[in-house]
Amino acid sequence: MRKDVRILLVGEPKVGKTSLIMSLVSEEFPDEVPLRAEEITIPADVTPERVPTHIVDYSEAEQSDEQLYQEISKANVICIVYSVNNKKSIEKVTSHWIPLINDRTDKDSRVPLILVGNKSDLVEHSSMETILPIMNQYQDIETCVECSAKNLKNISELFYYAQKAVLHPTGPLYCPEEKELKPSCIKALTRIFKISDLDNDGTLNDSELNFFQRTCFNTPLAPQALEDVKNVVRRNMMDGVKDNGLTLKGFLFLHTLFIQRGRHETTWTVLRRFGYDDDLELTQEYLFPLIKIPPDCTTELNHNAYLFLQSVFDKHDKDRDCALSPEEVKDLFKVFPYMPWGPDVNNTVCTNEQGWLTYQGYLSQWTLTTYLDVQRSLEYLGYLGYSIIYEQESQAAAITVTRNKRIDLQKKQTQRSVFRCNVLGARSSGKSGFLQAFLGRNLQRQRRIREEHKSFYAISTTYVYGQEKYLLLHEVMPDIDFLTETDLACDVVCLVYDVNNPRSFEYCAKVYKQYFIDSKTPCVVIAAKSDLHEVRQHHSLSPHDFCRKHKLHPPQPFTCSTNEAPSKDIYTRLTTMAMYPHARLRCMCACNRCTYCLCQNLLKLELLRSIKAQLRTVVFNRHMAQADLKNSTFWLRASVGATVFAVLGFAMYRALLKQR
């Protein structure tokens, strides 16, 4: 909505332009009328629309044509004043004033016109019979008002209609010749209907209508008022109401009716509440609310945002198979002006066997967008109506800005949920396979991916100590000399080499020495294609010796050439390293020979599990008598048992350590 309104009054001399302005200001007819009134500004708190209004007078005797042209170009609405008892002044409306104004304004941005018939106190008849054909001939004429500056008749109404013509223009909404809504208005109202249709059944039930009413007008409709609205639609349309709910056709009909009855401010209130400007385009302020992101901070969706996105998924998953088919995805994005997700999305997140987006994959894509391009995520949430459905000031309320990574390192803990792993390696080393394996795709499924649909990102969830986290893998193009800050900024680095290619590891060694040898970012070497024969690498040190020299974990064998989905253990370890970069994991192997692995196997022994289960049963038995709990000997036995168990465990650990 405009922040102010500028009204210009033009017309033949002696028709009462200045008198109208002075009567409005002083609320009485002036005894002496000057040739021209000075520009008057009416404060916002005085006007019905709460917008400052500037009223400008024109006098042929005091102003030149050039000054008139300047005022026409600055005006938001022009009132052409004529005298109802002067036929010549009426004729001048079409022969002089309208052509003059049209010549001085752009065709694409015509200024609304209001015809003002002054001096109605001097005649007993109305001039409307003469004026109506003129109004039908010129689309720019919003309305005609007959008034009297002397009797103060319709003076306030005149300037109210002038304000209304600027703040709630009819032109963008309605075509008077066709007597129907314009396509741009239909498109905007259709989006509003789909957002308000919370269950996506094609109708607005009473609950949804009340939510819509409350959202736009801050008050619900009484049950009888709801029925009255639907009855009006029923009487005028066959399919405007279905199953006692308002259909899209009925919704559009109601707004057509509002406009035809001169209540287009109702439609404008709805449009502006849903983010539209005077050109029926979503405003930049609505789509891109201000959000501050300090350096070394990342952006994530918060709990409410995930709940909203879950409701959107459920709304469009019509067959309830926990996946979105291509048709369901198209239906979801009908509220967008363009299709935001391309075919590469299906190779970025998890899909089902049919290649459809799963619920997890859907949320993962939103998480990826928010992490990489938060402005794009805000835009998408705006199209879906997040701030309206969740009654928030803007979509920025859906975003969590994480704290500085340096603080996480100092405190040795993090509150983040999304961690980035950059995957580097020579060409054909297996980087793409490593990404796709994270999404559960073996080599056979990967071969079906078309080259043009390939993605350089993969994102999914992992569990670290029972916490669900997102791991984002990014395949970096192999160019040692031109790695950007984005290529280097991550939480953990994967250096991938092909065990079957003797020149593959050399790239990993060079990248590590040039960029990561002094970095605090954890690095992991991945020995890809481990199902193939391992050859000697053309490097001064073997991969194992290189890792030992630089205090890295031994190369992790990896292959996606499996019958089933590849193992995700390595991705869990990567996420753990990203979460706790300060903690040096003692082992990442599965050799069953080192102390770490032997202790892990000991903890997994069935005997140890049964002992732990028996202890839990004893301590937490629901049927344990209250007297036993109070018995001091019970606690003594429990303490002795725990001590013996701890001593035995430590002894076993020392024995294993000596054997190693």
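**Exercise 1.** Does Lys318 count as buried or exposed, and at what relative accessibility?

*Solution.* Start with the ground rules: this is a predicted model, where local features need pLDDT of at least 70, side-chain atom pairs count only at pLDDT 80 or more, and totals for chains, interfaces and linings use all residues. Residues are numbered from 1 along each chain as its sequence is written, and side-chain values use heavy atoms, with hydrogens and water left out. Now the cut-offs: buried is under 20% relative accessible area, exposed over 50%, partly exposed in between (1.4 Å probe, protein chains only). Lys318 has 55% relative accessibility, so Lys318 counts as exposed.

**Exercise 2.** Where do Asp491 and Lys405 lie?

*Solution.* First, the pair: these two form a salt bridge, closest N and O atoms 3.2 Å apart. Asp491 sits in the loop between α20 (485-488) and β19 (492-498), and Lys405 in helix α17 (residues 405-411), so the bridge ties together parts 86 residues apart in sequence. (Helices are DSSP runs of H or I, at least four residues; strands are runs of E, at least two; both are numbered from the N terminus.) Finally, shared partners join Arg403, Lys405, Asp408, Arg416 and Asp491 into one network of salt bridges.

Notes: Salt bridge = Lys/Arg side-chain N within 4 Å of Asp/Glu carboxyl O.
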